Amino acid sequence: MTLLIKNAIIVNADKMYLKPQDILLEKGQIAKIAASISPQGSLAAQDKHKIVDASGKLVFPGLIDLHVHLRQPGREDKETVETGSRSAAKGGFTSIMSMPNTTPVTDNAMIVEGIIKEAKRVGLVNVYPVGAITRGQLGKELTDMAELKAAGCKALSDDGKCVESSQIMRLALEYAKMIELLLIQHCQDHTLTAGGVINEGYHSMILGLKGDPGIAETVIVARDIELAHYLKTRVHLAHMSLKRSVELIRFAKSQGIQVTAEACPHHFTLTDEAVKGFDTSTKVNPPLRSAEDVAAIREGLKDGTIDCIVTDHAPHTKEDKETGFDTAPFGMIGLETSVGLTMTELVHKKVLTLEQMADRMSAAPARIAGLENKGKIVEGFDADITIIDPDKEWEVRVEDFWSKSKNSPFVGRKLKGRVEVTICGGKITYQV
Amino acid sequence: MTNWKRRDLLDLQSLDKEEIELILETAKSFRQVSTRDVKKVPALRGKTVALLFYEASTRTRVSFELAAKRLSADVINISSTSSSSTKGESILDTALNLEAMNVDMIVVRHYSSGVPNILSQHLKAGVINAGDGCREHPTQALLDIFTVKEKLGSVAGRNITIVGDILHSRVARSNIWGFKKLGANVTVCGPSTLMPRCVKDFGVEVSYDLEASMKKSDCVIVLRLQKERQQDSFLPSLREYAKLFGLSQTKLDKASKDLLIMHPGPTNRGVEIGADVADGSQSVILEQVTNGLAIRMAVLYLLLGTKE
């Protein structure tokens with residue numbers, strides 16, 4: 001299988017090409033990059049389907065999302081590996097990591113292998129299941145981490161839940177260090193969250209909804225930074241939502257502590273004011289925070305304190321979401337709006353350069369998860385490519401989502417910057 | 001009645017001063033209906049009001065029921081234990097079914113904040129919030145304001161103290177909105193653990209000293225203390241709460257003889273209010289109940305009765 005991309009303005013994290021290049025993709029790899037490549041062999045037949053003209057567009061390394069919920073096994077009414085893969089491809093993603101809070105929990109090799117097998121059958125995006133840190137995500141016993149790694153996990157997490165016991169987290173980090181596997185912490189002390197459903201602040205008071213205080217996140221951020229420091233190992237902090245978290249991570253990095261962190265588009269776009277109409281699509285964990293926090297997340301992404309952008313794509317059915325605000329489940333879908341929001345809110349507003357966007361959405365996540373030959377457009381790397389029209393304006397519409405679920409607070413929003421073509425392993429997986 | 005346009009009463013947050021005053025004026029004219037020998041007017045004849053209560057209530061439910069009946073509306077009562085909610089039906093489905101039977105007004109009480117707003121987004125029938133979660137209880141605040149106005153002659157410039165569990169109180173929130181819109185000064189008083197973190201952003205004074213606040217006040221609204229708050233560690237003990245924030249006769253003796261004492265009920269006598277205070281000459285707790293009926297008649301009338 002051969003594919004030729006013509007007139008590509010390549011945006012890598014370390015360098016953006018000023019002159020258009022042609023990129024030849026062969027056997028799932030980037031075979032050649034040159035100012036002009038003439039179609040040869042089977043391509044010489046001028047089969048239009050095998051040539052992609054990228055004139056006027058930007059060509060990014062395939063986007064990577066370290067934080068997605070595919071809901072399979074267990075909640076196939078919300079999303080499946082297949083529908084989630086379609087959604088990811090439409091959103092420009094070529095690799096995703098799926099979180100282990102499935103039913104049953106992804107805490108053993110069989111489930112990991114099952115998800116990978118299904119993802120390969122679907123064949124639209126590389127899926128790396130994240131295994132659980134503790135059996136059943138109960139926070140008590142460690143999973144068979146080496147076996148999970150051998151089955152294909154690039155990281156482990158109890159996402160959806162925090163590993164709250166400091167001792168269990170210490171042991172998990174020590175063991176994971178030995179087998180060189182990344183741990184991702186969902187930072188939240190549930191004794192402090194205490195049933196909170198919205199950021200604790202003015203809006204929680206006015207709406208009469210239980211507030212989730214930011215310290216529920218920051219006490220775990222601070223603790224895990226201390227654990228990483230003490231154990232001389234690394235830890236990755238999921239979906240950071242607060243100014244104070246950014247400050248703690250910035251301090252930790254300045255000390256040489258091996259901490260990495262991620263943030264979601266909704267946390268750099270929306271504030272808790274969005275909850276005003278009791279729209280349950282704005283109910284997310286961690287909750288939408290204050291304008292000050294939004295600004296700090298943007299600043300953190302700009303200076304690299306926050307390493308990467310993830311979606312925390314969390315599909316839910318209408319039935320589950322259409323209960324009261326207190327009872328609706330947390331989460332919003334995000335795969336198909338991530339590029340639009342990142343371009344609109346960060347790139348067009350000069351928070352991030354295009355190279356930084358390539359870093360935060362591809363190079364950095366590849367580096368953090370240890371995905372070899374990904375995150376960059378260079379000869380010999382995997383043929384994962386995302387072509388984006390930076391100036392295309394579009395509106396988020398319910399009927400356009402390919403995800404099985406539609407729970408997005410961004411419906412009706414106008415965005416600038418759209419995914420035009422997604423190529424995974426040299427195969428076109430999405431085209432407008 | 002020309003400037004009344006709403007079909008729902010969801011909260012006092014969204015009402016303006018004129019709308020609140022119109023409700024108070026209307027209530028005044030309805031109050032005498034209940035003192036007649038024949039306690040009924042035909043204003044809402046042919047209208048159907050459904051009371052949909054998902055949380056225990058005596059006062060508010062009975063008050064709404066009587067208000068509707070005295071306006072000649074037909075009333076149906078649905079509580080969460082007797083409805084299909086025990087069969088897993090959602091409140092929205094229940095409400096849509098009621099609407100399919102051409103119910104004109106749904107009065108809803110629910111333990112979850114925002115439920116009346118969600119219903120009003122989906123229903124053509126009117127919705128009255130009879131208390132939602134910790135958010136608002138608009139008719140309670142309206143009757144509180146009405147009572148203050150009756151007793152003190154005015155609301156603007158008056159100093160109102162609300163004492164108790166501000167964090168979880170929908171009565172407090174509605175009263176803060178309402179009294180402030182009418183130009184009163186509001187102080188909230190209670191233990192720091194039961195005070196919302198951003199309470200000052202509500203434009204109120206915050207006090208941890210009830211006696212001091214009483215000295216500066218024209219009226220104290222005492223909130224009911226839920227006994228669960230102690231089990232959840234918000235409080236060391238009910239005993240200590242009563243000592244610091246309970247309105248006892250001893251504390252009352254140190255305040256002005258004109259200080260008005262109110263309580264939305266039901267009272268925990270000996271906890272947030274002394275029995276002698278509740279029954280004493282400065283207490284207007286039962287007048288609040290009487291006024292509540294007039295307020296609910298006014299609200300039902302304004303929302304339902306002005307079209308014809």
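Helix α7 (residues 215-231) and helix α8 (residues 243-254) of chain A pack at an angle of about 10°, and their axes are 9 Å apart. The structure described here is a predicted model. Angles under 35 degrees count as roughly parallel, and α7(A) and α8(A) are therefore roughly parallel to each other. On the α7(A) side, the contact is made by A:Glu217, A:Thr218, A:Val221, A:Ala222 and A:Ile225; these meet A:Arg244, A:Ser245, A:Leu248, A:Ile249 and A:Ala252 in α8(A). Sorted by class, the residues of this contact comprise six nonpolar, two polar and two charged.

Two packed helices are described by the angle between their axes and the distance between the axes. For helix α1 (residues 17-31) and helix α5 (residues 138-152) of chain B, the angle is about 70° and the axes are 10 Å apart. An angle of 65 to 115 degrees counts as roughly perpendicular, and α1(B) and α5(B) are therefore roughly perpendicular to each other. The crossing in which α1(B) passes α5(B) is right-handed.

The loop between α1 and β1 (48-53) of chain B contains B:Gln32. A residue with 12 or fewer other C-beta atoms within 10 Å counts as exposed; B:Gln32 has 10 and is therefore exposed. The C-alpha atom of B:Gln32 is separated by 8.5 Å from that of B:Ala294, although the two residues are 262 residues apart along the chain.

The largest nonpolar core has 217 residues, and those with the most contacts inside it are A:Val59, A:Leu156, B:Ile106 and B:Leu300. Helix α12 (residues 285-304) of chain B gives the most to this core, supplying eleven residues. For A:Val59, when neighbours within four places in sequence are left aside, the contacts are A:Ile5, A:Ala8, A:Ile9, A:Ile10, A:Val11, A:Ala54, A:Ile377, A:Ile385 and A:Ile387.

Between the two chains, 21 residues of chain B are in contact with 16 residues of chain A. On the side of chain B that touches chain A, α4 (115-122) and α6 (170-181) each supply at least two residues. The most comes from α4(B), with three residues. By class, this side of chain B divides into eight nonpolar, seven polar and six charged residues.

Most residues other than glycine have a negative phi, and most peptide bonds are trans. The peptide bond from A:Thr103 to A:Pro104, however, is cis, with omega near -5°. A:Pro104 lies in the loop between β7 (93-98) and α2 (109-122) of chain A. Another cis peptide bond joins A:Asn285 and A:Pro286, where omega is about -5°. The loop that holds A:Pro286 runs between α9 (265-269) and α10 (291-303) of chain A.

Positive phi values occur at two residues that are not glycine, A:Asn7 and B:Ser72. For A:Asn7, phi is near 60°. This residue, A:Asn7, belongs to strand β1 (residues 2-10) of chain A, and with 17 other C-beta atoms within 10 Å it is partly exposed. For B:Ser72, phi is about 70°. B:Ser72 is located in the loop between α2 (59-70) and β2 (74-79) of chain B. B:Ser72 also counts as partly exposed, because 14 C-beta neighbours lie inside 10 Å.

A:Asp312 is placed in the loop between β15 (308-309) and α11 (318-321) of chain A. A residue is buried if 20 or more other C-beta atoms lie within 10 Å of its own; A:Asp312 has 29 such neighbours and therefore counts as buried. Apart from its neighbours within four places in sequence, A:Asp312 is in contact with A:His67, A:His239, A:Cys264 and A:Gly334. The C-alpha atoms of A:Asp312 and A:Lys350, which are 38 residues apart along the chain, are separated by 24 Å.

Note on methods
Residues are numbered from 1 along each chain as its sequence is written. Chains are lettered from A and ligands numbered from 1 in the order in which they are written. This is a predicted model: local features need pLDDT of at least 70, side-chain atom pairs count only at pLDDT 80 or more; totals for chains, interfaces and linings use all residues. A nonpolar core is a set of buried Ala, Val, Leu, Ile, Met, Phe, Trp, Tyr and Cys residues joined through C-beta atoms within 7 Å. Helices (H or I, at least four residues) and strands (E, at least two) are DSSP runs, numbered from the N terminus. Two residues are in contact if their C-beta atoms, placed from the backbone, lie within 7 Å. Axes are lines fitted to C-alpha atoms, for helices over the stretch in contact, and angles run from 0 to 180 degrees between N-to-C directions. Angles under 35 degrees count as roughly parallel, over 145 as roughly antiparallel, 65 to 115 as roughly perpendicular and the rest as oblique. A crossing is left-handed if the near helix is turned anticlockwise from the far one by less than a right angle, and right-handed if clockwise. Ala, Val, Leu, Ile, Met, Phe, Trp, Tyr, Cys and Pro count as nonpolar, Asp, Glu, Lys and Arg as charged, and the others, Gly among them, as polar.
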